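The tour goes from one selection to the next.

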Amino acid sequence: MDDCPTQGVLIACTATVKVSHAFNLSAVAPSSYRFHAEHLQSDTDSKDTGSPMLIGEMDSSGSLNAHSLFHLSEKIRAKAVFQTQPTQFVTWQFETEYRGSDFTAAVTMANPDILSESVIMVAHFLQSVSPQLVLGGELVYHRGRAEEGGILTLAGQYSGPNWVATLNAGKGGAHASYYHKANKHIQVGVEFEASTRTQETTFSFGYQMELPEAKMVFRGILDSRCIIGGVLEKRLYPLPATLIMGAFVNHRADKLQVGLGINVG
């Protein structure tokens, strides 16, 4: 990052590299440590130089998440994702995307395994019909030793001056969402999802309120499963740290979760 806020033990920045450390201490779950590193393109690098974007994260259990993004040309880019657990690979995924003047097409291959003869292929296409309307679809094909099949999903998005509505529908179910920006400090959104596999329907409402004078951000959520939650983030200026407090109540299961954390960076 060009304007690094601080340099020290917990966070260090250069022109294109960011490193951060996170600690999680809990009495109800195992404590953990997470190391995060990013190598980003600088503002002076153009997309056709081939300069990669690399993001990696490893925790104290040995699990690794790694992402890489390469701009092969002005319209073509490639991405690779790797996820491991201490003893095995969980995900290895490769994606190629082409961006035209008014459309986007991408093909993704996930977890290819020649020995077990299994693979997951995803192809999606988005077409801008008008400045406000985008239509497209996604085809997911999976093959294994015991099963083989595909799922087609159709999608649409309509954008207004300060709101966005989306709808996805397919064999697996339907998903609809609506986002509205009331002003520069308040945002609200609703989400509806129906699954044919689980025969369940859920509805959720969320909002975000920013208080710039107090350097605070509050987020809240309420859904049809009787879960109410909220997260408060307070920037501890002039320190490069953010205090995070959260609470979630599940009235149906009669459970309460409360958390307190500090994000340095």
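Which residue's side chain meets that of Arg-219 in a salt bridge? Select Arg-219 and Glu-233: their side chains form the salt bridge, with an N to O distance of 2.9 Å. A salt bridge here is a side-chain nitrogen of Lys or Arg within 4 Å of a carboxyl oxygen of Asp or Glu. The pair links distant parts of the chain, with Arg-219 in strand S16 (residues 216–223) and Glu-233 in strand S17 (residues 227–235), 14 residues apart. Strands (E, at least two residues) are DSSP runs, numbered from the N terminus.

Before moving on, note that this is a predicted model, in which local features need pLDDT of at least 70 and side-chain atom pairs count only at pLDDT 80 or more, while totals for chains, interfaces and linings use all residues. Residues are numbered from 1 along each chain as its sequence is written, and side-chain values use heavy atoms, with hydrogens and water left out.

Next, select Asp-223 and Arg-225. They form a salt bridge whose closest N and O atoms are 3.0 Å apart. Asp-223 is buried at 11% relative accessibility, whereas Arg-225 is partly exposed at 44%. Buried means under 20% relative accessible area, exposed over 50%, and partly exposed in between (1.4 Å probe, protein chains only).

Now select Arg-77, Glu-97 and Arg-99, which are linked in a network of salt bridges. Glu-97 and Arg-99 meet at 2.7 Å, N to O. Glu-97 is buried, with 7% relative accessibility, and Arg-99 is partly exposed, with 40%.

Move to strand S13 (residues 173–181) and strand S14 (residues 186–195). They run antiparallel and are joined by nine bridges; two strands pair if DSSP finds at least two bridges between them. His-180 has Val-188 in S14 as its bridge partner, and a hairpin of four residues connects S13 to S14.

Continue to strand S15 (residues 200–211), which pairs with S14 in the antiparallel sense over ten bridges. Look for Phe-192 opposite Phe-203 in S15. In the hairpin between S14 and S15, Gln-199 has a positive phi near 60°.

Last, select the lining of the second largest pocket, including His-124, Leu-126, Glu-138 and Asn-168. A pocket is an open set of points on a 1 Å grid over the protein atoms alone, where a 1.4 Å probe fits, with protein on both sides within 12 Å along at least five of seven lines; lining residues have an atom within 4 Å of a point. The lining divides into three nonpolar, eight polar and one charged residue, with Gly counted among the polar ones.
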